[in-house]
Amino acid sequence: MAIAMGAMGAMGAMGAMGAMGAMGAMGAMGAMGAAGGTGADAVAEQNMLLADALIRTRGGLVEAPGGAVIQQAEPGRDDADAMQRWTPGVRFHVALFELMASVRFETAGEPVRASLFHVERTDGSTREQLVCEVVRPGIDFFLEQLALVEEWALLREDRASEILCQLTPQFAFWNAVASLHLDARPGTMALLELALGFASLVEMRFKHALACWRPVDLSPGLQPMIATPGHGSLPSGHATEAFFIAHVLESLLPKGQDCAETLHRLAVRTSINRTIAGVHYPADSLAGQMLGRSLGECFVAQCRQHGSSAEARQSWRSRKFDVGERRGREVNFLPSQPTVDGTQASELVRAAKRTVLGWYWDRARAEWGEAT
């Protein structure tokens with residue numbers, strides 16, 4: 001039965017359901033296969049069997065009620081070191097809450113201008129600094145971009161395996177480009193998963209606010225080779241996350257292991273693949289590059305700010321994406337196009353104590369040896 005369920009998941013991944021099938025193969029159906037193919041009933045039976053076994057084991061080991069009491073140190077108030085006691089899922093949610101509490105999102109104007117601000121609260125005062133801003137292009141701009149989407153569709157056969165494998169986060173690709181051995185670095189993996197969780201929430205908020213058309217909305221004849229995601233087109237989430245993770249890895253790697261250029265080229269190729277697949281315009285990736293770089297720099301700055309060995313100050317470059325200000329310049333996201341330059345520097349003051357973000361950073365940084 002487990003084999004049959006796995007086969008059904010694989011068929012879903014390669015068939016008309018596209019990404020949803022892949023998620024089914026990796027998620028619920030995979031869990032059912034692991035449980036022997038009987039799903040929730042098997043899990044419940046296993047839990048009942050384990051509970052009975054633990055009851056019987058205690059009865060055979062404990063001679064009398066009570067016994068020695070383990071002395072535990074009293075934890076400090078909101079102590080980052082307590083993170084070591086929690087399960088990975090709890091750590092993730094605690095740190096993700098801290099990240100979301102540190103930003104504010106707003107929309108204004110016509111065309112819509114969506115902005116993300118970092119909020120820093122110190123000594124009873126609040127300071128806001130711009131992280132990034134995206135101005136929604138008009139429909140005429142997207143109609144012009146359709147020609148590029150149609151042109152790049154000719155590369156689908158060449159890029160098909162990459163596109164399908166990149167439906168989920170690209171850990172295998174990040175690991176391969178520089179022999180990073182991420183599977184042997186659990187602290188780094190946890191930090192990257194936190195970064196991806198943060199990026200996903202922020203990019204979805206931008207997508208909702210800007211509500212840009214997907215290519216297939218304007219030209220049904222494009223027939224994307226994968227299922228079109230059920231959210232707005234700009235900025236590209238894949239581009240945002242690829243450039244975000246590239247910056248985090250660049251910041252973690254020790255001196256002498258510089259793979260920034262390779263990571264950048266991988267982020268570009270991953271982004272371009274989404275246009276080839278027919279689900280994004282080239283400009284979506286350029287906006288995602290801008291968002292990913294600024295968000296990644298702000299994320300690293302906060303982690304270092306709250307870490308145990310941070311420099312006195314941490315900074316990032318605020319960035320803006322507005323096609324109206326790029327008239328006469330390339331907005332097609334060609335491989336030769338450089339990283340979008342920041343418009344202004346924003347700075348954080350060293351925190352008084354380590355927080356959960358610093359705990360995540362210190363744990364990951366310790367896996368890479370000599371500090372950068």
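Which residue in S2 is the bridge partner of Thr107? The views below take you there, starting from the whole chain.

**View 1. The whole protein chain, with its 14 helices and 5 strands.** This is a predicted model, in which local features need pLDDT of at least 70, side-chain atom pairs count only at pLDDT 80 or more, and totals for chains, interfaces and linings use all residues. Residues are numbered from 1 along each chain as its sequence is written, and side-chain values use heavy atoms, leaving out hydrogens and water. Helices (H or I, at least four residues) and strands (E, at least two) are DSSP runs, numbered from the N terminus. Among the 372 residues, 46% count as buried (under 20% relative accessible area; exposed is over 50%, partly exposed in between, with a 1.4 Å probe and protein chains only).

**View 2. The hairpin of S1 and S2.** Here strand S1 (residues 103–108) pairs with strand S2 (residues 113–122) in the antiparallel sense, over 6 bridges; two strands pair if DSSP finds at least two bridges between them. Look for Thr107: its bridge partner in S2 is Ala114. The hairpin has 4 residues between the strands, and Gly109 takes a positive phi near 80°.

**View 3. Val90 in helix H5.** You can find Val90 in helix H5, which covers residues 88–101. Is Val90 buried or partly exposed? Val90 has a relative accessible area of 39%, so this residue counts as partly exposed.
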